[in-house]
Amino acid sequence: MTAPDPHPAGSGGTTQPEEAERLRELLRSAGYLKALVFCALIGVPVSLVAFWFLVGLHELEHLMWHGLPESLGWNAPPWWWPLPLLLVAGVTVGLVVTRMPGGGGHIPAGGLHTGGVSPGALPGVILAALLSLPLGATLGPEAPLIALGGGLALLFRDLARVPATAQSTALLGAAGAAAAVAVIFGSPLIAGVLLIEVAGVGGPQLFAVMLPALLSSGVGSLVFTGFGRWTGFDAPSLSVKVGVPLPRLDPGDVLWSIPMAVAIGVFMHLIMRGGRSTARFVAKRPVAHTTLCAVAAGVCAAVYGLTTGRSPANVASSGQETLSAMAADPSAWGVGALIAVVLCMGVAYALCLGSLRGGPVFPSLFLGCALGVLLAPLPGLGIVPGMAIGMAASTTSALRLPVSSIVLVVLVLGSVAMTPVVILASVVAFVTIQLLPPGPAVPPVGKSAGPPTAHPPTAGATSGSVS
């Protein structure tokens, strides 16, 4: 399992024909072909384990938020329901972080990671996720899935007695992570694109070249297709069914995408900085501070439920189910309810990012959708373009992965109709957050917070992380 040195084509004294020849040699090598076969084989058990892991999370969440309240005589969880659940989550996750190998996995505020989870750390990763997500953490399952897939791939490598080299670890970790994350997103395409960006392939130069190309393609598609009506909402597994008439993309939608992306980028940047600050606070006293932050997130959900009369699960969850409900009937959400869910979920999201265990993708999608619906009454802005712009800007700002965010939003919408404004919003949001002052770095798992350090401005450039 070997790979060529990452020299860019045409630079450093290496010409493009030489790079092409090196690639051919690599593809003809027995070691690389064996690696491909091994990666294909491990995709089967990894995807099966990932599937049942998601089933377990779903069943536990249904038990905590539907089955248990109904057995106690409530048709829906009362407003205070998140408080005891997140108290339990905070205490138990704090104990997992301090007493189990691997610290329960990567801190969500540090973004997505392709590797770094050894097979011995898998029990802690699985347990921390099971104690966080079903009990009301405002996080998604994608980060534990990536860790689970990568760790299982390395476990199978050890069982097969494949030599453990740095290259095989990186290759198999990424392959296992892709197999696992494809289960939740319902598409191998988004899994592949996400892992490429998370791994930082190409470094900062990739973003420098990619952003103008994305922007040009987005504008060019408008010129080529014109402003008109598209159809074909065929939603895959991770999707939303838009319950309003098919949108007409017009100049107002395009013009509003720019200021909306800037504003949402600033908003999400503040949330992510809050998450990193929370992580540094938690690192000082992991059990006590994890519990405190988890209960504070529960307070946010309780305040939302008490003031709006809606289920506190709208805040104390990944937001996936609420996202589908909002997209299907956006008119059911008044301005007050939208403002409340954005503010309460935004604060809970920041608290959970730095304390509990999960992923940052799903809540960012929901926050973007809610902001898009909230801003849809702007003159000339349609509700579906507003949702698309909001999801693209918020996901890009949270992950710092513009290509993955574009592909993900298009996949969720189930249509390419909104692709031009999705691209524009993603590029503008990415540039916005890169120009904002960097925040504090996330401390390593299990380490105390030291003096504040600058947060890296470009994702995945050196460490393979997105923060």
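This is a predicted model: local features need pLDDT of at least 70, side-chain atom pairs count only at pLDDT 80 or more; totals for chains, interfaces and linings use all residues.
Colleague: Which helix is T396 in?

Modeller: T396 is found in helix α14, which covers residues 383-399.

Colleague: And what does the side chain of T396 reach?

Modeller: The side chain of T396 reaches the backbone oxygen of A392, at a distance of 2.8 Å.

Colleague: Changing topic, how many disulfides does the structure hold?

Modeller: The structure holds 0 disulfides. As a reminder, a disulfide is a covalent bond between the sulfur atoms of two cysteines.

Colleague: What about C352, how far away is the nearest cysteine sulfur?

Modeller: For C352 the nearest cysteine sulfur is again that of C300, which lies 8.5 Å away, and C352 is in no disulfide. C352 counts as buried too, at 0% relative accessibility.

Colleague: On to the core, then. Which residues touch the most other members of the largest nonpolar core?

Modeller: Those are F185, Y349 and M418, out of the 117 residues that make up the largest nonpolar core. Helix α12, residues 335-353, gives the most to this core, with 13 residues. As general background, nonpolar side chains tend to be buried together in soluble globular proteins.

Colleague: What does the second, separate core include?

Modeller: That second core has 6 residues, and among them are C39, I42, A153 and L154.

Colleague: Last topic: what volume does the second largest pocket have?

Modeller: The second largest pocket has a volume of about 810 Å³. It is lined by 31 residues, and those closest to its centre are H58, E61, S318, Q320 and E321.

Colleague: Which elements give two or more residues to that lining?

Modeller: They are α2 (30-71), α6 (166-185) and α11 (320-328), and α2 gives the most to the lining of this pocket, with 9 residues.

Colleague: How many residues of each class does the lining of the second largest pocket have?

Modeller: Sorted by class, the lining of the second largest pocket has 16 nonpolar residues, 12 polar residues and 3 charged residues.

Terms used: Residues are numbered from 1 along each chain as its sequence is written. Side-chain values use heavy atoms; hydrogens and water are left out. On a 1 Å grid over the protein atoms alone, a cavity is a set of points where a 1.4 Å probe fits but cannot get out, and a pocket is an open set with protein on both sides within 12 Å along at least five of seven lines; lining residues have an atom within 4 Å of a point. Grid points are joined across faces, edges and corners, and a volume is the space filled by probe spheres set on the points. Helices (H or I, at least four residues) and strands (E, at least two) are DSSP runs, numbered from the N terminus. Ala, Val, Leu, Ile, Met, Phe, Trp, Tyr, Cys and Pro count as nonpolar, Asp, Glu, Lys and Arg as charged, and the others, Gly among them, as polar. A nonpolar core is a set of buried Ala, Val, Leu, Ile, Met, Phe, Trp, Tyr and Cys residues joined through side-chain atoms within 4.5 Å. Buried means under 20% relative accessible area, exposed over 50%, partly exposed in between (1.4 Å probe, protein chains only). A disulfide is a pair of cysteine sulfur atoms within 2.5 Å. A polar contact is a pair of N or O atoms within 3.5 Å; within protein, one must be able to donate a hydrogen and the other to accept it, and residues adjacent in sequence count only if both atoms are side-chain atoms.
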